[in-house]
Amino acid sequence: MDWALLLIIAICLSLAMAGAWAVQRRTGLSGWIDTIWSLAVGLGGIAAVLFANGDFGRRIVSLTLVVAWAVRLASHIGSRTLGRSEDPRYAKLIEEWGDNAAWRLFLFLQIQALAAFILVLAVYLAATNDTPFPGLLDGLAVLVAVAALAGEAIADLQLARFRRLPDRTGVCEIGLWGRSRHPNYFFEWLFWCAWPLLALTPSPWTWASLLSPALMYWLLVHVSGIPPLEEHMLRSRGDKFRAVQKRVNAFFPGPRRNGELP
C-alpha cells in the first residue's frame, strides 16, 4: 500500500469537491457538483492505476473501465446541467438548510469526497493485484462492468426519450424503467461490484475493495439516491407515481406486479 499516494489522492478529492462547491455557489446549478465528482473519481482512479505496481494487464483493464465510467457519467450529467436542469435532490436540501445552506453544502461535499476516496481505493487495490491476468474472476469482473456501463447508458437514453414526449406528466416506464424505478442507480451500483472481483487476493487489505459496492448501495438506496428522488416524484407526480411504486421494484430489476407494461 502506497500510503503517500493515497493521502495525495484524498487531498486532491477534497480540493475538487471544494471547487464543486464554489461552482455551485456561483452558477446556482447543482448538477455541476455530480459532474465534477465523477471527473474527480475518474482522475483519482487514473492516478491510482498509473502509480500502482500490479499485473500490467489488470492495470490496463482497470484504467479503461474507470475512464469509460467517468467520461460517460460526467458527460451525461454535464450535458443535462448545460440545459439548465436543476437536480431536485440538491434543491430540496438547499431549501431545507435555509440560511445555513452555504456551509452545510460545503460539509456535505466533503463527505462526498470521502465517498469518492473509497471508490478510488477499490480501483487502486485492483491495480495493485499482481496475480497473473486474466483469471476467472477477472473475466467475470469485466462482464459485470461492461454490462453495468451499457445498462446505465441505455436507462439514461430511455429516460431522455421519455422526457421528449409531448405529455411528460406521467412516470417513465419505458424499457428498463418498467422493471425498476431506478435502473440507472442499479447499474451504477453494479459497476462498483466489479472492482472487488479484480482486487481480491489473500491479502487482508484487498478486502477493503468490498467497501465500494457496499457504500454505493447504502448511498443510492438509503441516503442520497432513491429516498429524496422518490419524495420529489411523490410531490410532483402524486398518485401516478404511487401506482408505479405498487407495480415496479424500487432498485433491483424484476417482474412487474399488478400491471402490464404501458
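Select Gln 24 first: at 4% relative accessibility, this residue counts as buried (under 20% relative accessible area; over 50% is exposed and anything in between partly exposed, with a 1.4 Å probe and protein chains only). The model is predicted, so local features need pLDDT of at least 70 and side-chain atom pairs count only at pLDDT 80 or more, while totals for chains, interfaces and linings use all residues. Residues are numbered from 1 along each chain as its sequence is written, and side-chain values use heavy atoms, with hydrogens and water left out.

Gln 24 belongs to helix 1 (residues 3-27). Helices here are DSSP runs of H or I with at least four residues, strands are runs of E with at least two, and both are numbered from the N terminus. Display the surroundings of Gln 24 next: apart from neighbours within four places in sequence, Gln 24 is in contact with Leu 29, Ser 30, Ile 33, Ile 94 and Leu 105, where contact means heavy atoms within 4.5 Å.

**A pair of helices**

Now select helix 5 (residues 101-127) together with helix 8 (residues 211-223). Their axes lie 8 Å apart, and the packing angle is about 145°. Axes are lines fitted to C-alpha atoms, for helices over the stretch in contact, and angles run from 0 to 180 degrees between N-to-C directions. The crossing of helix 5 and helix 8 is left-handed, a term for a near helix turned anticlockwise from the far one by less than a right angle, with clockwise giving right-handed. To show the contact, pick Ala 115, Ile 118, Leu 119 and Ala 122 on helix 5, and Leu 211, Ser 212, Leu 215, Met 216 and Leu 219 on helix 8. By class, these contact residues comprise eight nonpolar, one polar and no charged. Ala, Val, Leu, Ile, Met, Phe, Trp, Tyr, Cys and Pro count as nonpolar, Asp, Glu, Lys and Arg as charged, and the others, Gly among them, as polar.

Move to Asp 99, in the loop between helix 4 (88-97) and helix 5. Asp 99 counts as exposed, at 81% relative accessibility.

Gly 178 sits in the loop between helix 6 and helix 7 (183-199) and is buried, with a relative accessible area of 0%.

The next stop is Pro 134, in the loop between helix 5 and helix 6 (136-163). The peptide bond leading from Phe 133 to Pro 134 is cis, with omega near 0°. Most peptide bonds are trans.

**Cavity and pocket**

The structure holds one cavity of 30 Å³ or more. The largest cavity contains about 40 Å³ of space; select Pro 88, Arg 89, Lys 92, Pro 228, Glu 231, His 232 and Arg 235 to see its lining. Helix 9 (226-237) and helix 4 each give two or more residues to this lining, and helix 9 provides the largest share, four residues. The lining consists of two nonpolar, one polar and four charged residues.

On a 1 Å grid over the protein atoms alone, a cavity is a set of points where a 1.4 Å probe fits but cannot get out, and a pocket is an open set with protein on both sides within 12 Å along at least five of seven lines; lining residues have an atom within 4 Å of a point. Grid points are joined across faces, edges and corners, and a volume is the space filled by probe spheres set on the points.

Finish at the second largest pocket, with about 210 Å³ of space. Of its 15 lining residues, Met 1, Asn 53, Thr 128, Asn 129 and Thr 206 lie nearest the centre.
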